[in-house]
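The topics are taken in turn below.

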Amino acid sequence: EMSEIVEEVHGYSVGSEDFEGFFAYPKGGPAKVPGILIFHEWKGHGDYVRRRARMFAQLGYLAFAADLYGKGKYAKDHEEALKFVMSFFSDQEQGTEKLKSSLLQLTGHARCDVTKVASVGYCFGGMVGLWLARTGVDIKLTAMFHSSLGVLPHTKEIYAAIPGTVVMFQGAIDPALPSTDIDKFEAAAKEANLDYIVVKFANTVHSFTVEGMNDPANGIVYNPLSDARSWSMLLALLQLKFH
């Protein structure tokens with residue numbers, strides 16, 4: 001059954017920069033509930049991650065949709081989005097700080113059960129969720145939806161640092177994710193004895209969870225079936241971890 005929810009726009013800063021995230025959580029229920037840290041797609045923090053936060057809150061979770069670019073920074077097109085992404089990856093120390101700070105916003109919330117935290121990232125967000133997991137923070141499940149893997153190095157040492165489970169939900173024909181990238185990830189993950197799950201959906205390309213996406217020429221199309229299947233799989237995995 002769906003909970004009545006509370007929503008809060010949440011300002012925070014990292015260094016001298018201002019950020020604006022979004023909390024959603026059930027109005028009633030237990031004093032402490034599991035926390036879900038949501039990382040936005042490459043365009044930035046917008047309506048999409050807020051909608052996901054509400055969906056989690058209705059199911060009894062405390063959700064925090066982080067902002068990794070800075071308050072009000074939302075790309076108007078793919079070109080600008082690419083600039084934001086490149087800028088984020090150009091300073092890895094600062095990137096790590098932004099990611100860890102977003103986790104602290106979530107775990108610092110009065111309703112957060114800090115022993116039960118998961119991250120859920122979409123596109124760019126899944127990639128940086130994996131990056132955060134690799135710093136060894138206490139995140140029990142790192143979920144990635146249609147995320148590319150090409151930017152980060154894959155080594156046994158790096159994946160051995162991840163204490164939780166990593167799950168990837170990918171389009172089987174996503175041009176942004178060549179199977180060689182998944183192979184590299186899996187080879188290192190197996191060596192590191194990482195607990196991971198890779199799910200591929202047939203007839204599915206990039207951004208398959210984002211309603212309204214329809215750019216087949218660039219391999220970006222919403223797929224309602226793969227969206228529903230991956231969402232229900234994620235909820236089942238969270239249930240197994242936290243209940």
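Helices H3 and H4 are roughly perpendicular to each other, because angles of 65 to 115 degrees count as such and their axes cross at roughly 90°. The model is a predicted one.

**Helices H3 and H4**

- H3 covers residues 92-107 and H4 covers residues 124-133, and the two axes come within 10 Å.
- From H3, the residues in the contact are Gln92, Gly95, Thr96, Leu99, Lys100 and Leu103.
- Val128, Trp131 and Leu132 meet them from H4.
- By type, the residues of this contact comprise 5 nonpolar, 3 polar and 1 charged.

**Helix H6**

- H6 runs over residues 179-191, 13 residues in total.
- At 1.5 Å a residue H6 should span 18 Å, and the 18 Å between its end C-alpha atoms agrees with that.
- Asp181, Ile182, Phe185, Ala188 and Ala189 are the buried residues of H6.
- Viewed down the helix axis, these buried residues of H6 fall within an arc of 135°, so they line one face of the helix.
- Their packing partners are helix H5 (156-160), strand S7 (165-171) and strand S8 (195-201).
- Lys190 and Glu191, on the other side of H6, are exposed.

**Serine 207**

- Serine 207 sits in the loop between S8 and strand S9 (214-215).
- Apart from neighbours within four places in sequence, serine 207 contacts His146, Met213, Ile220, Val221 and Tyr222.

**Isoleucine 162**

- The loop between H5 and S7 holds isoleucine 162.
- Leu130, Ala133, Arg134 and Leu194 are in contact with isoleucine 162, leaving aside neighbours within four places in sequence.
- Isoleucine 162 and glutamate 41 are 121 residues apart along the chain, and their C-alpha atoms are separated by 22 Å.

Methods
Residues are numbered from 1 along each chain as its sequence is written. This is a predicted model: local features need pLDDT of at least 70, side-chain atom pairs count only at pLDDT 80 or more; totals for chains, interfaces and linings use all residues. Side-chain values use heavy atoms; hydrogens and water are left out. Helices (H or I, at least four residues) and strands (E, at least two) are DSSP runs, numbered from the N terminus. The expected span of a helix is 1.5 Å times one less than its number of residues. Buried means under 20% relative accessible area, exposed over 50%, partly exposed in between (1.4 Å probe, protein chains only). The arc is that of the directions from the helix axis to the C-beta atoms. Contact means heavy atoms within 4.5 Å. Axes are lines fitted to C-alpha atoms, for helices over the stretch in contact, and angles run from 0 to 180 degrees between N-to-C directions. Angles under 35 degrees count as roughly parallel, over 145 as roughly antiparallel, 65 to 115 as roughly perpendicular and the rest as oblique. Ala, Val, Leu, Ile, Met, Phe, Trp, Tyr, Cys and Pro count as nonpolar, Asp, Glu, Lys and Arg as charged, and the others, Gly among them, as polar.
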